[in-house]
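Q: I would like to go through a model with you, one topic at a time. Could you keep the answers plain and give the cut-offs as they come up?

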Amino acid sequence: MKAITELDRKKRNRNWLRQLAAQEKSGLLMARLLGLLLTLVILLQLGLMAWLISQLLVEKQPLESLLGYWLLLIALIVIRSLLQSLQEGVGQAVGNRLRLRVREQLLSHLARLGPIGLSGDSPASLSSQWLEQVDALQIYFARFVPQMTLAWASPLIFLGAVFYLDWVAGLFLLVSAPLIPLFMALVGWGAERLNQQHFVLLKRLSGHFLDRIRGLTSLKLFGQTQAACDQVVAATEDYRRLNMRTLKVAFLSSAVLEFFASVAIAAVAIYIGFGLLGYIAWGPAPSLTLFSGLLILLLAPEFFQPLRTLAQQYHDRAAALGAADSLVDLLERPVSESPSANKTSEARLSPWMLDLDHVCISFAERGQVLGPISLQLGRGSCLLISGRTGSGKSSLLHLLAGFIQPTSGSLHVEGLPAGERPLVWMQQQAFIFQGTWAENLRLAAPQANSAQMLDALQQVGLLELLGEQAEGLDTPLLEGGRSLSGGQAQRLVLARALLTPSRLLLLDEPSASLDDQAADELLNLLFGLKMQGCTLVIASHDDRFLKLADHHLELTSGGQDAST
């Protein structure tokens, strides 16, 4: 059963790559046509070279009389270089467009999965998929896919020319040619598995390193810094060994393929040499001339060159299949959908900011964790959700935000299904990235100008702090707001909320990491936001928010509505 599953996975990955290639049919066709035109130009160039040498050495033509042909030869060499550059440019453009499409597809799917669907994924592993794995696809479509056609079409053109000149030399090439694809297939099986392991290990290493960096403070406090460094070193060493194995397969395969090509070319050269010397008196050998023999010798390396190029790029195919295995797994990850009418309901006029009608949430492994809950919350109101750990407070917030869908019942936010309208989410640790004050404020309001940002900072009481910064709004902030106190970081998040058109704020334990003074300041700020017409939904154990709440929803461990 396992072998069948693995076979199905490989088929799925190849089908996905074919579907991507079908989106750029015209670009890939152009790259192939340019490659075939390049083949014809090479044939003309080599034929002219052999003819010119024959004219000089056999026909004793003076060099001056052949000047026009020498200029034509130079022109063919220039055209050959231009066509090769143009073919590579077209392939790179196709690869870049497909890379952009895959990244857009990934971004769209990640947005649909939301924070709940991605809760088990490390940001570092997702970044690895976004960067390294998608880049592997770009190289595959830019180089390998067009070369697949040229690997059989170009040799056939050269082989036809050789058979026309001497069928025995053609047989030498024809017999040796299948050995290269055979060894490519044998090598490809092992290289594909190694590349799948490569990308899996790279994701783990990225996540492993990032987790240790984020937990550096805790590691230092518990004296585990050296142990963490040793673990990173061990993971890096595993990655190095796998990289070396991949490179070993690539180099050994190239050596084997070069060996067979060299042996075939040497056999043709020996046959041509003995034929011209008169030691071979059978078949077409007696009719060999300097022109035909030299042209065959020039065509023999070109006959193998498309196959050798494909063999060199076969690693790109293995890398793309390895990347596709991981990317398709992510893209096929199911998005939480509601079996209720919530997702299909149309917008409706509603006097309520929040309207929940017998909403329940269930998980396969835990059963029902929340509900049934029915409530209506008006604009400019505050709902406090309390209850013991595991009672479903965070699940209810995730439901209101549209991160998950109700198992049954209906939920509307301003008359629309949850997740259709923008809202403000504030968690225990303020989300602040490494950037300037202005960049953090514009995260949810990209069009905000300096005057609007300063006004928002004044409303949350941060204008004085900003005035102490020499660079003003361009002052850099550390990741996680480490250059601010906990209360200042929460205020900055509220200032960002004021810049958005959303009037719904969801707060998950906003005072958990604050001291009493900072928590009281936050409470006063929330009072101000409520007076401005904002609707607040707060999940918290902190009783001080009761002063702010118009409604109180207390949840039991089963998620049932205990009191309102």
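Q: To begin, is Cys 534 buried or exposed?
A: Cys 534 is buried, because its relative accessible area is 1%. Buried means under 20% relative accessible area, exposed means over 50%, and partly exposed lies in between, with a 1.4 Å probe and protein chains only. This is a predicted model, in which local features need pLDDT of at least 70 and side-chain atom pairs count only at pLDDT 80 or more, while totals for chains, interfaces and linings use all residues. Residues are numbered from 1 along each chain as its sequence is written, and side-chain values use heavy atoms, with hydrogens and water left out.

Q: And Cys 382, buried or exposed?
A: Cys 382 is buried, with a relative accessible area of 0%.

Q: How many disulfides does the structure hold?
A: The structure holds 0 disulfides, a disulfide being a pair of cysteine sulfur atoms within 2.5 Å.

Q: Let us step back. How many helices and strands are there?
A: The protein has 16 helices and 12 strands. These are DSSP runs numbered from the N terminus, with helices being H or I of at least four residues and strands being E of at least two. Of the 564 residues, 46% are buried.

Q: What share of the contacts comes from residues 24 or more positions apart?
A: Such residues account for 78% of the contacts with a separation of 6 or more. Contact means heavy atoms within 4.5 Å.

Q: Which strands pair with strand 10?
A: Strand 3, residues 382–387, pairs with strand 10 in the parallel sense over 4 bridges. Strand 9, residues 504–508, also runs parallel to strand 10 and is joined to it by 5 bridges. Two strands pair if DSSP finds at least two bridges between them.

Q: What does Ile 538 face in each of them?
A: Leu 384 has Ile 538 as its bridge partner in strand 10, and Leu 507 stands opposite Ile 538.

Q: Which helix goes with strands 9 and 10?
A: Helix 16, residues 516–531, makes a right-handed β-α-β unit with strand 9 and strand 10. A crossover is right-handed if, with the strands pointing away from the viewer, the path from the first strand over the helix to the second runs clockwise.

Q: A change of topic: which residues does UniProt list as "transmembrane region"?
A: The unreviewed UniProt entry lists residues 33–54, 66–83, 148–165, 171–191, 249–274 and 280–300. Positions are given in the numbering used here, feature names are shortened, and annotations may be inferred rather than shown by experiment.

Q: What does the chain look like over 33–54?
A: Residues 33–54 are 100% helix and 0% strand, with the end C-alpha atoms 32 Å apart. Residues 148–165 are also 100% helix and 0% strand, and there the end C-alpha atoms are 27 Å apart.

Q: Where does Leu 73 lie, and what is it in contact with?
A: Leu 73 lies in helix 3, residues 67–117, and is buried at a relative accessible area of 8%. Leaving aside neighbours within four places in sequence, Leu 73 is in contact with Gln 45, Leu 48, Met 49 and Leu 52.
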